[in-house]
Amino acid sequence: MSTLTIEGLRVEVAGKEVLKGFDLSMQSGEVHVIMGPNGSGKSTLAHALSGRPGYKVLEGSVKIDDEEILGLSPTERARHGLFLAMQHPMEVPGVRPVDMLVAAGADAHELRERMTLEAQSVELRSDVLDRFVNVDLSGGERKRAEVVQLAILRPKFAMLDEIDSGLDVDALGAVARRLSRATSEWNCGVLAITHFRRLLQELTPTKIHVVTEGRVVATGGPELADDLERDGYEPFRPANS
Ligand SMILES: Nc1ncnc2c1ncn2[C@@H]1O[C@H](COP(=O)(O)OP(=O)(O)OP(=O)(O)O)[C@@H](O)[C@H]1O
Ligand SMILES: [Mg+2]
């Protein structure tokens with residue numbers, strides 16, 4: 001059992017404070033969902049957690065169990081069990097998925113076979129996995145390929161930024177089911193950013209967190225997604241904005 005704890009995280013991007021004291025704590029095997037308006041800082045959280053240059057941490061901490069990860073390189077963070085699937089997965093010309101996975105710590109033994117099985121579980125043609133990472137992949141194929149990587153690496157915690165965007169309805173179901181299975185298969189903690197309730201039909205959230213203007217302003221159960229679908233974010237806006 002592990003715990004991911006984000007405490008008082010303040011992050012500056014391009015000279016502007018985007019995360020203004022972000023708090024969230026979750027355990028292995030749980031599914032936490034972040035919802036919030038465009039520009040509220042959700043992807044900034046994902047980038048800051050990944051250690052992307054340009055996202056300057058002003059204050060706060062991110063720990064897996066008792067280990068602070070903010071000072072670590074992106075590779076070290078991955079080796080500590082953190083996986084990030086970005087909103088816009090980047091092309092990595094010249095690098096094949098197999099090589100990237102081995103570099104990230106995957107066991108090379110039977111890797112290609114495992115990748116083929118995982119590709120099937122998200123309905124991705126496995127020949128796509130022989131191309132360079134994300135090069136010439138469609139938007140939906142990139143998202144599915146991210147889930148294949150996740151399933152191979154078996155991280156303690158996986159943060160997925162709009163994994164549902166760009167997926168057709170069949171793929172959306174398959175991805176949600178694969179993530180749900182990860183929570184029992186190796187007790188993966190899933191932290192999913194999404195705009196839509198649809199992902200949550202087959203990926204039952206433990207908690208939903210509403211983010212506006214760089215911090216969590218409400219936390220609740222799955223019913224919170226229904227409230228948002230009905231009323232939007234207006235009820236959650238800070239009084240003075
Ligand atoms: N690299 C950057 N340079 C300049 N501004 C940035 C950068 N990254 C983020 N921002 C700004 O920070 C704010 C938060 O952006 P972020 O991408 O975190 O929003 P988001 O909650 O993920 O929104 P969306 O739902 O549209 O994906 C926005 O105003 C955005 O323009
Ligand atoms: Mg975003």
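## Ligand 1 and its surroundings

In this predicted model, an N or O atom in the side chain of Glu 162 lies 3.5 Å from an oxygen atom of ligand 1, a polar contact being a pair of N or O atoms within 3.5 Å. Backbone N or O atoms also approach oxygen atoms of ligand 1, at 2.8 Å for Gly 39 and at 2.9 Å for Ser 43. The protein covers 64% of the 640 Å² of accessible area that ligand 1 has on its own (Shrake-Rupley method, 1.4 Å probe).

Of the 16 residues around ligand 1, Gly 39, Lys 42, Ser 43, Thr 44 and His 195 come nearest; a residue is near if one of its heavy atoms lies within 4 Å. H1 gives the most to this shell, with 3 residues. Helices are DSSP runs of H or I with at least four residues, and strands are runs of E with at least two, numbered from the N terminus.

## The magnesium ion

Ser 43 (OG) and Gln 87 (OE1) coordinate the magnesium ion (ligand 2) at 2.0 to 2.2 Å. Donors are N, O and S atoms within 2.8 Å of the metal (3.2 Å for Na, K and Ca); water is not among the atoms, so the site may look incomplete. Because Ser 43 lies in helix H1 (residues 42-50) and Gln 87 in the loop between strand E6 (82-85) and helix H3 (97-103), the pair ties together parts that are 44 residues apart in sequence.

## Basis of the model

Residues are numbered from 1 along each chain as its sequence is written, while chains are lettered from A and ligands numbered from 1 in the order in which they are written. Local features need pLDDT of at least 70, side-chain atom pairs count only at pLDDT 80 or more, and totals for chains, interfaces and linings use all residues, while side-chain values use heavy atoms, with hydrogens and water left out.

Terms used
Polar contact = N/O pair within 3.5 Å; in protein donor to acceptor, adjacent residues only side chain to side chain.
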